[in-house]
Amino acid sequence: MKKLSIFLLSFIILNSCKEKHEKIITLKESKNNFTSFVNPFIGTSKMGHVFPGATAPFGMVQLSPQTNFEAMFDSDSNYNSETYRYCAGYQYRDSTIIGFAHTNFSGTGHSDLGDFLIMPTTGTLVLDPMQTKNGGKGFYSSFKHAKEEAMPGYYKVDLDSYGIKAELTASTRVGFHQYTFPKTDDAHIILDMVYNVYHHNNKNVWTFLRVENDSTITGYRQTKGWARDKKVFFAAKFSKPFKSYGHIKYDKVAYDGFYRRFNQDKNFPEMAGKNLRAYFNFNTQDGEKIKIKFALSSVSSYGAMKNLETEIPHWNFNKTQQETNANWNKELSKIEVETLNEDDKIIFYTALYHTNLSPIIYEDVNGQYRGLDQNIHSSNGFTNYTIFSLWDTYRALHPLFNIIQPKRNNDMIKSMLAHYDESVHNMLPIWSHYANENWCMIGYHATSVIADAMLKNIGDFDHDRALKAAVNTASVRYFDGLGDYIDYHFVPDDKSHSSVSKTLEFAYNDWCISQMANLNGEKSIEENFFKRSEYYKNVYDSTIGFMRPKLSNGTFRKNFEPMNTHGQGFIEGNAWNYGLYVPQNIKKMIQMMGGKELFTNRLDSLFNMQIEDKYIEQHEDITRDGIIGNYVHGNEPGHHIPYLYNFSGHPEKTQERVRMILDTMYGPRPNGLCGNDDAGQMSAWYIFSSLGFYPVTPGSKVYAIGSPLVKEAIIKLSNNKSLTIKTINQSEKNIFVKSISVNGEKINSNFLSHEQIMNGKKIVFEMSSKHVNL
């Protein structure tokens, strides 16, 4: 009781530190204007790693400012830790802009992209971004946040160094620039083909540009980065003919064939090399606008041009902005909320916005896309998507899509199955982007996404084909310790890093496959993978009460620190938090760890203890901003943990923890994300938890109940139904659920089923300042 009182006092103190606007925002006031509650700057400070620029829902183009150029390695080839801050190319602390790139990840903890940087300048032409070789100023511009604006599908900033106003909008496949110049005979548009996010000296394999006429350019770039063979093609049109153009090549050219007979640097309509920057010169009148439509394709510059001509056949910037704004309103309107205060509403709709940034559409308007085999394919009966950060997004983002974006999630699964068909490894994606598998993180969590959709009857993808793809993926012995896992029934620590995490994640993935097999009536597959799903037991050391690295000789590793997040058999976590990962059999995990009372005490300790810096200092992805005690909300492995109290008989503690996390780990300002948004997972946690429930075990139909933050919500379902979630006596102090009714009938449970949600009508939470057993 004493611990509970201390916790409540801490909660009240933390809660009081968060600024509030006390005006209640009603559903009526927000009607048809949901974008006004989105602040794209939330998460652009510190480790949120989101971008503030212009994009359409799930758009192929993410047209956003880049505020610095940090190479991945220093001059001695050592990793430059500063590059991590620029996973999305932008940091709110900066006061410089070096240009506007057309591709950006949202919220990732590693990075790539930053393709085709455009920068308008005036005066003497400078082609170095930050500093010239002589130590002079590069082509960057200073800017002030007071003259910077962002909303869904639109970004604006004043480039103070040049007196240029920059405005950006985008359709799905086309970025639309609008630059308002001063009067000058020395206006320039720079196209930087050197710049990359996570740049290194060998990243650019080849760049190529053609000047088709005095206002049209096409080209492509091939890079070797996180994606080791990424090709992006473009086609761009200027609203005004350029008077001259040229480029600088930064390569040592050993052989250039008979191209050497030309002066290629100026007004020559072909530019090619590993690293080049092009420029286009103009005369401008005061207030004159130069517009650029810049389309992308994974297939060809011809495909990019067709995307441009189809999506933006005009030069009306405002029209495109308004159309994209309307598309955003359509997506955001799928959940209408009434909140206690304006801040909560801004956080909610910005989180919903972030969940709609990826995966991205990855095909041309004619359905063609570049596949994993680097051949050109046509989507048949689906829209192709890419950017599958599955170790993150299987937890809550894809389950959220099964409620509010089922058609898209069906297409995403079909995209994963296309990836499988094109894979020489016969595997579903692990972490894939831009027609490449980058092999990041662990497990094979496409199985979770597919199983969750199958159990919830989402889509029309082929279940037999999906099961075969899952089984084959789980049978590739050379993948990341999987062969040893199959042989030893755990991943031996002396044979593979992150051995405990891999064992736990493989076991959960295998459970997902067993659920798929059960639905398909494949009994032998079900039994085999269900047996494998219990291998988590083999890395539990009952003598110390922790999951622990085990060696190939069957003994547990001796030198083991449960608090340490580095080198202890866990990836981006430790035994205290990652060791609570058995979502497929939480009841058995609790029993194994001493029963409900001891397990509850363990959870209390996790939230109340303090972790020393030495245990987290070697991880970029774990920072103080996202830690409560030893619970890490700023990283994904523990996102289910606050809901585990429901399984140990203390739902009131789930309700306390969830409300505290909602109130302290998210905010309405640039530092409003406590860690990487990780392609929408961090935001999806907020959406679910604000609504009052969470998918602790994707691949099942059950949601654990928490403590809703909204006053009321209306979820528009795909079956022409809607679900109203209403709270009675909702307030900042009334964090406990006194009663729950579904369609007028009270339930005596701390769980909801998928059917109860999808059948629509109404769920009512009666809230109280005191805990009452349901």
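Me: Which backbone oxygen does the side chain of Asn436 reach?
Reply: That of Tyr434, at 2.9 Å. This is a polar contact (a pair of N or O atoms within 3.5 Å; within protein, one must be able to donate a hydrogen and the other to accept it, and residues adjacent in sequence count only if both atoms are side-chain atoms). Keep in mind that the model is predicted: local features need pLDDT of at least 70, side-chain atom pairs count only at pLDDT 80 or more, and totals for chains, interfaces and linings use all residues. Residues are numbered from 1 along each chain as its sequence is written, and side-chain values use heavy atoms, with hydrogens and water left out.

Me: Is Asn436 buried or exposed?
Reply: Asn436 is buried, with a relative accessible area of 5%. Buried means under 20%, exposed over 50%, and partly exposed in between (1.4 Å probe, protein chains only).

Me: Which strand does Asn436 lie in, then?
Reply: Strand β26, residues 436-437. Strands (E, at least two residues) and helices (H or I, at least four) are DSSP runs, numbered from the N terminus.

Me: And what is Asn436 in contact with?
Reply: Leaving aside neighbours within four places in sequence, the list includes Ala227, Arg228, Asp229, Leu372 and Trp431. Contact means heavy atoms within 4.5 Å.

Me: New topic. How many residues of β14 are buried?
Reply: Eight of the nine in β14, which spans residues 230-238.

Me: What does β14 pair with?
Reply: β13 (residues 216-223) is joined to β14 by eight bridges, antiparallel, and six bridges join β14 to β18 (residues 289-297), also antiparallel. Two strands pair if DSSP finds at least two bridges between them.

Me: Which residues face each other there?
Reply: Arg221 has Val232 of β14 as its bridge partner, and Ala235 stands opposite Ala295 in β18. β13 and β14 also form a hairpin, with six residues between them.

Me: What about β33, which strands does it pair with?
Reply: β33 (residues 712-716) is joined by four bridges to β19 (residues 335-338), and by five to β34 (residues 722-728). Both pairings are antiparallel. Ala713 stands opposite Ile725 in β34, while Val337 stands opposite Ala713.

Me: Which residue in the β33-β34 turn has a positive phi?
Reply: Asn720, at about 65 degrees. The hairpin has five residues between its strands.

Me: What's the volume of the largest cavity?
Reply: About 140 Å³. Of its 18 lining residues, the closest to the centre are Asn384, Tyr385, Thr386, His419 and Ala435. Helix α8 gives the largest share of the lining, four residues.

Me: And the volume of the second largest pocket?
Reply: About 540 Å³. Of the 33 residues lining that pocket, Met441, Ile571, Glu572, His619 and Asp621 are the closest to its centre.

Methods
On a 1 Å grid over the protein atoms alone, a cavity is a set of points where a 1.4 Å probe fits but cannot get out, and a pocket is an open set with protein on both sides within 12 Å along at least five of seven lines; lining residues have an atom within 4 Å of a point. Grid points are joined across faces, edges and corners, and a volume is the space filled by probe spheres set on the points.
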